[in-house]
Structure formats: structure tokens, C-alpha cells
Protein chains: 2
Amino acid sequence: MKCTIGLDFGTNSVRALLVDCRNGEELATSVFDYPSGHQGILTDPKNSHLARQNPADYLEGIEYTITTALSEAEKAIPGFNPADVIGIGVDSTGSSPIPVNAENTALACLDAFKDNPAAHCWLWKDHTSYKEAAQITEIARKERPQYVAKCGNTYSSEWWWSKLWHCLNSTPEVFDAAYSWVELADWVPAVLAGVKNPLEVKRGVCAAGHKAFYADEWGGLPDEEFLSMLDPKLAALKERLYTKAYNASETAGYLCEKWAAKLGLKAGIPLAIGEFDVHYGAIGSGIKEGTLVKAMGTSTCDCSVVKLSDDIADIPGICGIVKESILPGFYGVEAGQSAVGDLFKWWVEVVCKGEGKTHKEFRETVQQAKPGAAGLLALDWNNGNRTVLVDQRLTGLILGQTLHTSQAEIYRALIEATAYGARMIIERLEAYGVPIQTIVCCGGIAEKDPLTMQIYADVTGRTMRVSRSAQTCALGAAIGAAVVAGSGNGGYDDYDSAQAAMTGLKDMVYTPIEENHAVYNRLFKLYKDVHDAFGGVCTNDLGHVMKELLDIKETQLN
Amino acid sequence: MKCTIGLDFGTNSVRALLVDCRNGEELATSVFDYPSGHQGILTDPKNSHLARQNPADYLEGIEYTITTALSEAEKAIPGFNPADVIGIGVDSTGSSPIPVNAENTALACLDAFKDNPAAHCWLWKDHTSYKEAAQITEIARKERPQYVAKCGNTYSSEWWWSKLWHCLNSTPEVFDAAYSWVELADWVPAVLAGVKNPLEVKRGVCAAGHKAFYADEWGGLPDEEFLSMLDPKLAALKERLYTKAYNASETAGYLCEKWAAKLGLKAGIPLAIGEFDVHYGAIGSGIKEGTLVKAMGTSTCDCSVVKLSDDIADIPGICGIVKESILPGFYGVEAGQSAVGDLFKWWVEVVCKGEGKTHKEFRETVQQAKPGAAGLLALDWNNGNRTVLVDQRLTGLILGQTLHTSQAEIYRALIEATAYGARMIIERLEAYGVPIQTIVCCGGIAEKDPLTMQIYADVTGRTMRVSRSAQTCALGAAIGAAVVAGSGNGGYDDYDSAQAAMTGLKDMVYTPIEENHAVYNRLFKLYKDVHDAFGGVCTNDLGHVMKELLDIKETQLN
């Protein structure tokens with residue numbers, strides 16, 4: 001038996017998953033909650049946009065989870081030997097860049113910077129750089145339209161250059177001290193491979209292409225002239241970043257002696273190129289052309305792939321269409337919703353925080369209700385809108401309330417709002433020629449929330465299938481490791497054969513109920529009207545309202 | 001010492017107030033909670049529009065409250081004698097019509113009808129007749145535009161003809177059994193006067209003019225041809241209603257022997273013409289030309305008066321401009337908001353119903369917040385919009401939420417929403433020439449909620465004053481009684497002198513804070529944008545959204 005390990009760096013914790021390469025069976029797993037900050041996130045009560053993470057938590061988590069998973073497997077599986085592990089794959093949230101020194105050490109791990117939030121990892125959901133994002137969008141639209149065309153014509157505050165630039169603007173001492181910056185997904189394999197020079201870190205095309213304007217067409221990262229328009233220091237940084245990024249058929253490096261000893265693994269086993277969690281999650285869900293994979297958790301990511309030989313248009317409002325960002329040989333197409341589980345959590349934990357209010361109770365209360373029977377309509381924008389508006393500066397909306405409207409009814413309206421958002425994405429992809437024959441869902445909601453899944457089926461009119469693995473991201477990373485290990489070592493030579501052997505679907509299937517779908521078609525039309533009016537995509541619109549409210553809010557909080 | 005009694009029939013209870021005619025001092029009071037239904041209201045779990053009241057509760061309440069107040073006064077005030085009571089005034093909610101038989105007995109008090117909700121009093125907030133209201137609006141706009149011009153060009157489901165017609169359509173057996181219909185405010189004085197024939201009930205011009213299309217210009221109630229367009233049976237009913245309605249300088253009758261004995265009062269003392277609660281409340285708050293009186297409770301009523309000699313235009317969206325409906329010699333101008341305290345109550349009791357969530361706690365949490373600092377904006381339409389849109393089929397809206405938005409922040413946003421609604425009314429009145437030099441507030445919110453009062457001052461940029469009496473409606477009814485008693489009996493010969501002696505203001509005054517007002521000016525502009533879009537009063541609007549949601553809701557609930 002040969003196995004691989006998938007390491008999955010999430011928003012609040014890291015997980016190691018030990019997988020049997022023959023059939024994808026998950027032999028052992030271990031989770032480590034990041035100890036720093038609030039649920040692993042460093043926040044700032046004065047700035048709700050700020051979300052950072054302590055890189056030391058990652059290192060501690062690698063050791064804890066791998067050694068724990070291995071020792072559990074040794075206990076549970078007769079004949080299991082850690083020497084059977086033939087590779088490690090890594091996925092993480094992103095864009096989550098880390099400032100590092102010339103030895104590839106995270107600045108936050110140095111005494112001089114350990115208390116400076118800017119020296120830590122800039123977690124994907126950090127939105128402090130929204131002004132820089134708007135400026136990058138403006139400059140790129142004018143000067144380098146080809147750059148933003150691939151990412152929905154709008155650059156996000158969640159992404160690489162916005163964050164680096166905001167660091168330069170807000171905490172120049174950190175920016176100046178950083179020799180380079182590395183995405184979390186690239187940093188971990190490099191650390192495990194013992195890479196001591198940021199210039200030698202093998203970067204994944206997933207993060208590079210989706211978040212940092214990297215593309216073969218223009219020779220890699222953005223040109224220096226463009227970066228100088230943002231700030232000459234960003235242009236100067238370019239030569240300390242990278243010139244080439246790699247797809248997931250590449251090896252990021254080989255496990256170094258030091259980490260091999262720490263983890264109890266064989267030194268020299270290959271490390272797969274890092275990808276973002278949802279991309280390896282798409283692989284773990286069996287993504288192929290014609291299949292949309294929806295990773296449904298706190299937020300949602302929707303992935304599809306299109307053959308490199310196919311002509312694929314730019315799709316307005318789609319976060320990214322990047323060559324080989326998911327699967328080698330295919331364009332990766334990524335869309336997403338900024339708050340899904342987080343939206344339900346907000347309602348339950350922040351608003352309805354009284355005793356005894358739980359997701360389960362709300363679901364039981366409203367699961368028998370007919371669509372539209374509460375007369376409510378909501379927008380799913382409490383954390384902005386990623387697709388198709390690509391606008392962090394949008395906010396939530398609930399309408400239709402009477403004096404009888406209940407907690408549970410609003411809870412259901414929020415679920416429906418995210419389902420309408422999901423349908424917007426599907427319709428946009430199809431309108432631009434991305435084929436969707438099958439939808440496979442993974443993540444906590446797909447696993448545990450039949451009401452939401454049925455509503456998604458009813459709203460979209462599509463059958464919702466669920467990935468067999470409950471840990472598709474880590475499984476995908478483990479599949480990546482099996483591919484870089486190769487068939488000669490007990491792995492596979494390509495993703496097609498690896499996915500065929502190691503992924504599958506659950507028996508449970510959510511099929512649309514036609515009478516509900518008919519009502520949701522009417523409601524979705526109203527959702528689109530309100531979406532377009534407040535999203536600023538129709539004439540004579542209300543697109544200014546949410547933005548002016550945020551302007552006033554910022555003035556009043558300062 | 002001469003005294004009068006004001007009887008105030010509210011939504012959940014009736015109050016008797018014994019008042020010293022010399023200075024308005026409130027000598028004794030007693031409250032009786034209606035025993036029937038839920039908090040005195042008969043409801044229907046299958047029809048949230050339905051709200052009825054048991055007329056027997058009114059009769060029981062009169063006896064209980066007057067005898068209790070008198071016996072307390074006898075105990076507390078040396079030398080007080082019930083024979084010093086020189087008159088009774090009555091105010092009530094409205095339009096609250098009661099079907100009666102030929103003896104002026106409420107049908108609900110007869111065994112045959114006691115279990116039929118349609119035979120009870122149709123409480124003001126009963127909205128079952130919204131379809132009839134829409135039809136009346138449509139027919140009147142086309143056939144009798146002068147009728148609807150005086151009530152904002154839209155007839156409400158809260159009003160007389162909608163309710164009578166809906167009774168005819170939905171429960172014809174009750175309509176057919178009703179010899180006549182009498183407004184609660186008219187029915188109580190008639191009962192106390194021993195009037196046994198509905199044709200002899202002296203009707204007040206307040207209810208008639210504001211709710212039943214009554215005006216001198218067209219000779220009283222609507223003509224039979226118009227009523228026939230609704231239903232010939234309504235036309236046939238007309239001759240069993242009334243031909244003349246009276247202002248508050250008139251006597252409705254004199255206390256009959258039977259009720260005098262029951263109450264321990266002198267028979268033959270005058271009963272003032274009944275008016276709606278807010279109208280007598282306006283009198284009890286010292287209304288005069290240039291003064292806007294805001295009665296702020298579960299809903300809000302805004303009253304002003306304009307001299308009969310002045311030329312007063314129709315004001316679009318104003319519920320009613322009726323000759324002498326408040327003060328003799330003046331037009332009464334009435335506007336209002338359908339949910340104010342009810343909106344806050346919805347948030348606290350229906351949504352945030354967990355342990356320990358109270359109005360007080362929410363207020364304490366948000367009272368120091370700067371305007372706009374939560375980034376929220378709400379519409380105050382959970383119970384429809386009375387002024388200036390006159391549309392029951394509008395619903396609530398909250399926008400600007402993030403994943404951090406708290407219960408208390410939304411609570412404050414709802415307060416602000418009602419303040420914007422209040423400002424819409426003020427601006428509309430002034431735009432059409434109604435002078436507003438002074439604003440006097442009364443009711444529970446004015447008495448007990450300094451945060452809301454300050455927000456109203458800040459949003460409107462106006463000083464908010466508070467009426468001295470906490471029971472302005474009952475006080476106004478008592479003033480009406482003092483006027484019909486006349487100076488010869490220890491009362492007054494006109495409202496001017498009665499109000500001067502018997503009303504006053506509290507010391508507490510809410511003055512606008514200029515920096516808050518400046519921010520609220522920006523927020524109010526956004527409120528107006530959203531108000532106009534969803535209210536359907538601008539081009540390319542979203543006016544269809546709430547209505548289609550309600551259509552879908554009704555379909556799905558049936």
C-alpha cells in the first residue's frame with residue numbers, strides 16, 4: 001500500500017489527510033486549530049477589514065497534524081508504515097501572501113516583527129487594501145486592459161498586488177524589510193523542501209495566475225512599467241519575486257532531511273506544487289470538462305475547466321480564467337460567492353444570539369415552508385460580491401419584512417439569497433460557453449445541510465451531487481502528490497487516472513422539485529432586478545446607495 | 001371644582017381620565033385591558049390581515065374605568081364629588097366600524113353572531129379589505145376624483161367603505177344582518193346617551209370626513225351612483241347611515257339615566273362628539289395653526305390645522321384634509337406612519353426574542369454611536385406606508401449589513417428609518433403650504449424614549465417638544481367635554497380658551513445636534529432614493545418588487 005498526504009490550510013485550522021493511492025480511501029486525518037488571534041485570525045477592533053494569520057501557526061500545525069495522522073494510521077492499520085508515504089501535496093486559502101526575508105523566513109517569525117500585523121500572513125479575507133484594489137483596477141483598465149480582462153475586469157482587495165501595495169502604503173517598514181513575498185500555498189512546500197531562498201521557491205500558476213496578473217502571454221508577472229505606475233518600489237520588488245510559475249504536474253521540491261526527521265517520513269519524497277484549497281478541492285471532487293465543482297463553506301468557490309485548445313472568451317465578472325490553474329492541460333475557471341456559510345452564521349450567531357437559536361432549529365422550522373411564502377427577498381452581499389459584480393464594497397439587503405416576519409424566515413431568505421447568487425454564476429458561465437452538464441458540491445454545506453442543498457437544486461433547476469470525500473481539498477492535494485510521485489512509485493502519471501481511482505460521488509443526490517423551481521424562477525427575476533439596481537449594472541440605478549453608506553460609515557468611524 | 005372625563009379607546013385597552021377643568025390637572029385615571037382575543041384583538045392565524053375587537057369589551061371597560069377613577073378621586077381628593085363631573089368626551093381608534101342592528105346593538109353582542117369575527121368591531125389595523133381598497137381607489141380616481149383627492153388620491157384598507165364592502169363580499173350574512181354601521185368613536189357616546197336607533201347617532205365629522213368620503217361639498221356621504229359601482233347593497237345601505245356629521249363643538253347627546261346610574265354620575269351631562277384618538281390627542285397637545293402634533297406610539301399620527309379661510313391645496317399622499325375634523329373653524333390635516341413603535345417591537349420581540357434583549361439594552365448600546373457609523377439604511381414599511389405613499393402593500397427593507405452588523409445596530413437603523421419617514425411627512429406638508437413652526441410630540445415614545453426623540457430632532461433638524469400630559473387623547477376628549485359643557489357649567493365656550501387653560505408642554509426639549517443633522521441630511525437623501533425606487537414614484541423603478549413578492553406569498557400560502 002502506497003499513500004500520500006494532503007495538507008489543507010484553511011481559514012481557522014490546518015488538516016492532514018493520509019490517503020490510500022489505490023482507491024482514495026482516507027486512512028487517517030488530524031486537524032490543528034491555529035492558536036493565534038480569534039479562531040486563528042488576527043483582527044483589529046478598529047478595522048473590520050483586517051484579517052491576518054501567524055505563520056508560526058502553520059509550522060506548528062504541519063508537525064502536529066502529520067505526526068498525529070501517522071501515529072493514528074500506525075495504530076489502526078495493520079502493516080502501515082510511514083515509509084509508505086510517497087508524497088505530500090499542499091493546498092491553502094488565498095491570496096494569502098506572506099512577507100519573508102532573504103532566507104525565506106516569514107518576517108512575523110522574527111522578534112523584530114512578531115507584534116506587527118503587517119508582517120504576518122495577509123489572509124485571503126483581509127480587505128484593508130480596498131482602495132489600492134480600486135486604483136489597480138482603474139490603472140489596469142486604462143493601461144493594461146489585458147491584465148484585468150482575465151479576472152472579471154476588476155481587481156480585488158483580496159488579491160496579491162492590492163495587499164503588497166497596501167502594506168507599502170500603510171506599513172512601509174514591513175514592506176522595506178521584506179526581501180520577497182510568498183503565497184502560503186507556495187511557502188509551505190518550499191519550507192518542507194528546505195528552500196532557503198525566496199527566489200528558489202517554485203510558485204504555483206494557480207495563485208500567480210488568479211491573483212497576481214501572471215500569464216505566459218505577457219511573459220509572467222506584470223511588466224515593471226505597469227508596477228511603477230502603482231509604486232516604483234513594487235517594480236523594484238519584481239526581480240525578487242519569480243519569473244515562472246508551474247502547474248500541478250510539477251514537483252515543488254523534495255522533503256528535506258530536517259522536516260523528514262520532524263515528521264517521521266522518508267526524506268526526498270516529492271512535494272506537489274501548491275494550489276488554492278478550492279482548486280485541489282475541485283480535483284478531489286473529480287473535476288473535468290463539463291463538471292462544475294462548488295466548494296460550499298463559509299464562502300463558496302465554483303470551479304470549472306475548459307480544454308486549452310478551446311477558444312475561451314473573457315467572461316465579465318468571473319474572478320479568473322487561468323491556464324492550467326487547476327488541471328494541467330485545461331484553463332481553470334474560478335467564480336465564487338464571498339459569504340455563504342458566513343452569512344447564515346452571521347444571522348444565527350451575531351443577530352439571533354439568544355439562547356437556543358441554532359442552524360438546525362431554523363432549518364427545521366422553515367424546511368416545510370413553500371418557496372416565497374414568507375414574502376422575503378435578500379441579497380447575499382454581507383461580505384461583498386465576488387461573482388459576477390466583483391465588488392467588495394457591496395453590502396447586505398433584506399426586504400419584504402412585515403411585523404410578523406420571523407428569525408427563521410429570514411434565515412431561509414438568506415439561504416435562498418446565496419442560491420440566487422449561485423444561479424447568477426451558472427448562468428454567466430453558460431452564457432459565455434463554459435459547458436455545465438454536472439454539478440458536484442463539496443464542503444461543509446454539501447455534507448451537512450440538506451435544506452440548503454435542496455434549495456440550491458430548486459433555485460437553479462439543476463441536480464446537485466455531492467463529492468464522496470468530506471475532505472476534497474486535502475484529498476486533491478494528496479492526488480497531486482500521487483501524480484508527482486508517479487506510477488513507478490505507486491502513484492499515477494496523470495490526473496485523469498489518479499482522479500478516476502481516487503475520487504467518487506456520494507449516493508445522495510438533490511433533484512429539483514419542479515413546482516418549487518417554477519416559483520423560484522419568479523423570485524430569481526426579482527432578485528436580478530434588485531441585484532442589478534444595487535449592483536450598479538442597470539441604468540437609473542441605486543448603485544450609489546451602498547457605497548455612499550460605506551463612505552459615511554468610514555467618515556463617522558474615524 | 002368642576003371636572004370632565006375623557007374616555008380613550010386604544011388598541012389594547014380603554015382609559016378613563018378625570019380632569020380638573022380649571023387647569024387640566026389629571027385627578028384620577030383607570031385603565032381596562034380588553035379581555036377578548038390576544039391583547040384585546042381577535043386575530044386569525046390563517047390571515048395576518050385580520051384584526052377585530054369585541055364590542056362587549058368596550059361596554060365593560062366604560063363601567064370599570066369610570067367607576068374606578070371616580071372612587072379613586074373620592075379617596076384621594078378631599079371634597080371631590082362625582083356630581084362635579086360636567087361632561088364626558090370620547091375618543092377611539094379608527095376607522096373602526098361596528099355593524100349594529102336597528103336598536104344600535106352591536107351584532108357581536110347578539111347570540112347569533114357572537115362567534116362571527118365579521119360581526120365584531122373592524123379594528124383600524126384590520127387590512128383584510130386591501131383588494132376592496134384598491135378597487136375603490138381605482139373607481140374613485142376615474143369616476144369621483146374629488147373623493148380621493150382629499151385623502152392622498154388613494155383609499156386605504158384601514159377605512160370605512162373598504163371594510164364594509166369586504167364584509168359584504170366575504171361574510172354577506174353579517175352585512176345583510178347589519179341594519180347600520182357605526183364608528184366606535186360615535187357608537188360609545190350614542191350608547192351612553194341611550195340612543196336606540198342608529199339613524200339618531202350623531203356622527204363626528206372626523207371619522208366621516210377622514211375615512212368615509214364625507215364632505216359638505218358633495219352633500220355628505222358619497223352619492224348612491226358611486227356606491228352602486230362598488231355594490232348596489234352599499235348604495236342601499238346609505239339611507240341607513242347618516243346625512244350630516246358634526247364637529248367637536250357639538251354635543252353628541254346627554255348621559256342617559258341607565259348609564260348615569262351604572263357609572264355614579266349625574267344624568268343629563270353632555271357628551272362631546274367623538275373624534276379619533278389622535279385628533280383629540282392633538283387638542284390635548286395644544287394644537288393650533290403652525291403647530292404639528294405627532295402622536296408617537298405603535299404607529300404615528302401627525303396632525304396640523306389650517307384656518308378654514310385659507311386656501312388649502314390637496315396634498316398628494318396625505319391621508320386626509322377634512323373640514324373641522326380636529327378643531328372647529330379649521331381644516332384638520334392628518335398624516336401618519338403605519339409602524340413606529342410596532343417596528344421596534346417587531347425587532348425586539350419577534351426577531352431578537354432571545355433572553356435579555358430589551359428596548360432599553362439596545363438603546364444603551366447604540367446611543368453613543370455616531371449617525372451612519374453602522375452603515376445601515378432601512379425603510380420603515382413593515383406595516384405598509386401610510387404617508388406619503390398611501391400603500392399598505394409595501395414591506396420592510398434593511399440594507400448595508402456586513403458580517404459584523406449587530407442586533408442593536410439594526411434596532412437603531414429602524415429608529416432612524418421612522419425618523420426619515422417623519423421627515424418625509426414634514427417636507428411634504430411644508431411643500432404644500434402647511435406652516436410648521438412648532439412640533440409637539442405625545443404618546444409613549446415621546447414620553448419614554450429620549451434616544452428616538454433625539455434622533456428625530458437630528459434627522460429632521462427640528463426641535464422636538466413634548467406635551468405635558470401623558471394622556472393627551474383622553475385629555476383632549478375631556479377638553480371636548482369641557483367645551484360642550486360650556487362656561488356656564490364650569491367649562492369653556494371655545495377650544496382656544498379651553499386649550500390655553502388645560503394643556504401645556506413638558507420642560508424637556510430635544511434640539512438638533514448640528515453635526516448629526518449634517519450626516520443625516522446625507523443619509524436622508526439615500527433614504528429618499530430607496531424610498532422612491534421601491535415606492536414606485538420614480539422612473540425605471542423597483543416599485544414592482546415588493547408587490548410581486550406579496551403576490552407570490554399569497555399564492556404560496558393558499
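Trainee: What is the bridge partner of A:Val440 in β22(A)?
Mentor: That's A:Arg465. Keep in mind that we're looking at a predicted model.

Trainee: What makes β22(A) and β23 (residues 505–510) of chain A a pair?
Mentor: Three bridges join β22(A) to β23(A), and the two run antiparallel. At least two are needed, so they pass. One spot to look at is A:Ser467, which stands opposite A:Leu505 in β23(A).

Trainee: And what holds paired strands together in general?
Mentor: Backbone hydrogen bonds, whether the strands are parallel or antiparallel.

Trainee: Over in chain B, why are β4 (42–44) and β8 (121–122) at the edges of their sheet?
Mentor: Read the order first: it's an open sheet of three strands, β4-β5-β8 of chain B, with antiparallel pairing. β4(B) and β8(B) each have a single partner strand, so one side of each has no neighbour in the sheet. Two bridges join β4(B) to β5 (residues 47–53) of chain B, and B:Leu42 stands opposite B:Arg52 in β5(B).

Trainee: Which strands pair between the two chains?
Mentor: β20 (residues 396–401) of chain A and β20(B) pair in the antiparallel sense over five bridges. For example, A:Leu397 has B:Leu399 as its bridge partner.

Trainee: How many residues does each chain put into the contact between chain B and chain A?
Mentor: 60 residues from chain B and 60 residues from chain A. The two chains bury about 4900 Å² between them, 64% of it on carbon and sulfur atoms. B:Leu403, B:Leu549 and B:Gln556 supply 15% of the area that chain B buries there, more than any other three residues.

Trainee: Why is the meeting of A:Glu334 and A:Lys211 called a salt bridge?
Mentor: Their side chains meet at 3.9 Å, N to O. The cut-off is 4 Å between a Lys or Arg side-chain nitrogen and an Asp or Glu carboxyl oxygen, so this pair qualifies.

Trainee: Where are the two domains of chain A?
Mentor: Domain 1 covers 3–276 and domain 2 covers 286–468. Their C-alpha centres lie 26 Å apart, and each domain gives 25 residues to the contact between them.

Trainee: How many salt bridges are there between domain 1 and domain 2 of chain A?
Mentor: Three. There are also four residue pairs in polar contact between these domains. On domain 1's side, helix α7 (residues 205–211) of chain A brings the largest share, five residues, and that side splits into eight nonpolar, eleven polar and six charged.

Trainee: How much area do those two domains bury?
Mentor: About 2000 Å² between them, with 46% of it on carbon and sulfur atoms.

Notes: Residues are numbered from 1 along each chain as its sequence is written. Chains are lettered from A and ligands numbered from 1 in the order in which they are written. This is a predicted model: local features need pLDDT of at least 70, side-chain atom pairs count only at pLDDT 80 or more; totals for chains, interfaces and linings use all residues. Side-chain values use heavy atoms; hydrogens and water are left out. Contact means heavy atoms within 4.5 Å. Buried area is the accessible area (1.4 Å probe) that two parts lose on being put together, summed over both. Helices (H or I, at least four residues) and strands (E, at least two) are DSSP runs, numbered from the N terminus. Domain bounds come from an automatic or database domain assignment. A polar contact is a pair of N or O atoms within 3.5 Å; within protein, one must be able to donate a hydrogen and the other to accept it, and residues adjacent in sequence count only if both atoms are side-chain atoms. Ala, Val, Leu, Ile, Met, Phe, Trp, Tyr, Cys and Pro count as nonpolar, Asp, Glu, Lys and Arg as charged, and the others, Gly among them, as polar.
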